[in-house]
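Dear colleague,

I am handing over the structure below, and I would be glad if you could look through it with the notes that follow.

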Amino acid sequence: MTLVLYLGEAFILAYLMRILASRLSIPYVSMYVIGGVIIGGSLFFWLPGGRPFTEHWLYSAQVLEQLTVVTQIALGAISFIIGAELEWRRIRTLGKSILAIAVCEAFGAFLVVTTIVLVFWRNFPLAFLLGAVSSATAPAATVAIIQQYKARGPLTNTVLAVVGIDDAISFIIFAFALAVAQGALTGQHISVMSVLLRPILNVIIALALGMGFGFVGVKLISGTRDPESVVFIFGAVIFCVTGLAIMFHVSELLAGMAAGAAVVNADPLQRPRIRSVFGAFMPIFYALFFIIGGAHLDVSVFPAIWALALVYFFSRTAGKISGAYVGAVIGKAQPQVRNWVGVGLLPQVGAALALALALEHVFGGGAYGSAGVALARQIFNVLLVTTLLTEFVGPYLMKKSLFKTGEAERERE
């Protein structure tokens, strides 16, 4: 009952944040994250006697853990929508630019962050893991902005395709960096083949899982005209794919994206159905996803890691934007894509939380000694602090790019 009450309060907060965002002319998702920080109790640390008060505030650590299922469902639905935009007939006109941008922006962030952190902190495991985490892009904020302003065009199509491919690339980079960091902490020899084989296999499993359920779903949908039956079938696909991906320890985002792509490529006429089905309740998922993400942030840790957090944020931003630009030049993308695609790849809240929790699971238990525990906590706090920056700056820049290129609905009109 208490958990349901928290969700009700989150919806009230989302409504208030939407009103405030409209008054200030900023994206909704940015205000959702700020609202999450506030009701998470983090800011009340600075009030006299604030800490005991926050122990009974809306979002304790136990409540956040219970709400994980909400964010998993939301991420499954968001990834399905991304996949539904990846119709081959539409994206093939963009050619090789998509793959070139995805590879260059992921490795660009990895190389820039790793180099700068290594130069200033002289900590190889820390630099390598932060660099690997920086390659990931969370698509939820980008998709929310695109839907809020009903954007469409070359830039929109490119960003949606790149954030889908980015997940597979960053997953492989992260798995490799994790193995290198483990070897550095234990002094053991690392087999490059074994390190690369497992993440590649996980990517293949995620794609196969999503495509399999997607093709089954489209077969069932094509035989019915009942709108409510379509809702049930899409819901079954999303829940089954997300649940099995979690069970098999593969990327839910990649599996959900593959399911959505399988549906629209097998039957392109399903795209209007997907939009009508998800259009009504996706704002709920977006609101909960970003409010819960913001609630994880504890601003009290900022004084201890502010320098590393700021260096990470600016070096990742530089690596993403410059890497995307280089990839767009190599892929001969259109000028508006080349100039603006990088700013659509800055948000990181979903990916940051997932990778931070993965590191906490591996190193936080003490299996790698006190150095491993300290490493996990340092990276965890850096990612949570920079989440607020990426989810505020990223959506704002994405909105600006859509209006500059004329792809937002108001600009097209």
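**What was found**

In this predicted model, residues 24 or more positions apart account for 82% of those contacts in the protein that have a separation of 6 or more. The secondary structure consists of 20 helices and zero strands, and 54% of the 413 residues count as buried.

Helix α12, which covers residues 227-247, packs against helix α13, residues 252-266, at an angle of about 150°, and their axes are 8 Å apart. The crossing in which α12 passes α13 is right-handed. On the α12 side the contact is made by Phe234, Val237, Val241, Thr242, Ala245 and Ile246, which meet Glu252, Ala255, Gly256, Ala259 and Val263 of α13. Sorted by class, this contact comprises eight nonpolar residues, two polar residues and one charged residue.

The other item concerns empty space, which is found by rolling a probe the size of a water molecule over the atoms. The second largest pocket holds about 660 Å³, and 28 residues line this pocket, with Val143, Ile146, Gln147, Gln148 and Lys150 lying nearest its centre. Which helices each supply at least two residues of that lining? They are α2 (28-39), α5 (68-84), α9 (139-148), α10 (154-186), α14 (270-279) and α15 (282-295).

Conventions. Residues are numbered from 1 along each chain as its sequence is written. This is a predicted model: local features need pLDDT of at least 70, side-chain atom pairs count only at pLDDT 80 or more; totals for chains, interfaces and linings use all residues. Side-chain values use heavy atoms; hydrogens and water are left out. Axes are lines fitted to C-alpha atoms, for helices over the stretch in contact, and angles run from 0 to 180 degrees between N-to-C directions. Helices (H or I, at least four residues) and strands (E, at least two) are DSSP runs, numbered from the N terminus. A crossing is left-handed if the near helix is turned anticlockwise from the far one by less than a right angle, and right-handed if clockwise. Contact means heavy atoms within 4.5 Å. Ala, Val, Leu, Ile, Met, Phe, Trp, Tyr, Cys and Pro count as nonpolar, Asp, Glu, Lys and Arg as charged, and the others, Gly among them, as polar. On a 1 Å grid over the protein atoms alone, a cavity is a set of points where a 1.4 Å probe fits but cannot get out, and a pocket is an open set with protein on both sides within 12 Å along at least five of seven lines; lining residues have an atom within 4 Å of a point. Grid points are joined across faces, edges and corners, and a volume is the space filled by probe spheres set on the points. Buried means under 20% relative accessible area, exposed over 50%, partly exposed in between (1.4 Å probe, protein chains only).
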